[in-house]
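Let's take a walk through this model together, from the overall fold to a few individual residues. Keep the structure open in your viewer as you read.

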Amino acid sequence: MSGQYLAFFVLALIALGGGIFMLNLNKVVHMVVALVFTFVSIAGIYVLLSAEFVAAVQVLIYSGAITIIMLFGIMLTRHQDDGQSTGSPLRKALALLGTVAFGAVMYIGIRTLDFGTEAVGLHENNTEQIGIALYSKYVIPFELTSVLLLVALIGAVILAKKDDKEEGE
């Protein structure tokens, strides 16, 4: 049992635990914290796979921006938090049984899987390879995405200005 295997096992347990807690917790802010644990542990798994760029994007986009947007959404909306349980004990037991069964099936399926022994150079200049592909082969979709984001930003500003004018009147 190597250190990389142990790190993967711990990160996978944190990701699964965060997902399960996110579904079973009652308070919305606690759900967001559980989701952050899931996002960060998935970024750790990307680091174990030598995909550092994807891990950095995972932390910046999901763990940072999406979580902040969710917290703003929570703060700006009204919600009733009565603290009642989200499900019966039978439902929770069935969910646990389904999760364990899914894990067992995945373990059995992956345990006997053979990927071959041919070595592939995946760990060499990942970020450089992404940049070259992004700005050579995928330059048109990249630029179209940037134009789409700019249009969305302008639309959000226009909608916000209309709301300000309506409040002033």
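The chain folds into six helices and zero strands, with helices (H or I, at least four residues) and strands (E, at least two) taken as DSSP runs numbered from the N terminus. Read from the N terminus on, the elements run α-α-α-α-α-α. Bear in mind that this is a predicted model, where local features need pLDDT of at least 70 and side-chain atom pairs count only at pLDDT 80 or more, while totals for chains, interfaces and linings use all residues. Residues are numbered from 1 along each chain as its sequence is written, and side-chain values use heavy atoms, with hydrogens and water left out.

Among contacts (heavy atoms within 4.5 Å) with a separation of 6 or more, 62% join residues 24 or more positions apart.

In the model, residues 6-25 are 95% helix and 0% strand, with end C-alpha atoms 28 Å apart. Residues 138-160 are 96% helix and 0% strand, and there the end C-alpha atoms lie 33 Å apart.

Now find S41 in helix α2 (residues 28-48). S41 counts as buried because its relative accessibility is 2%. Leaving aside neighbours within four places in sequence, S41 is in contact with L11, I14 and A15. A polar atom of the S41 side chain also lies 3.3 Å from the backbone nitrogen of A15.

Further along, S50 sits in the loop between α2 and α3 (52-76). Its phi is near 65 degrees, a positive value in a residue other than glycine. Most residues other than glycine have a negative phi. S50 also counts as buried, because its relative accessibility is 18%.

Finally, which residues lie nearest the centre of the largest pocket? They are F8, A12, M106, Y107 and I110, among 21 lining residues. The elements giving two or more residues to this lining are α1 (3-24), α2 and α4 (89-111).

Terms used: Buried < 20%, exposed > 50% of the residue type's maximum accessible area, 1.4 Å probe, protein only. Polar contact = N/O pair within 3.5 Å; in protein donor to acceptor, adjacent residues only side chain to side chain. 1 Å grid on protein atoms, 1.4 Å probe; cavity = no way out; pocket = protein on both sides within 12 Å on 5 of 7 lines; lining within 4 Å.
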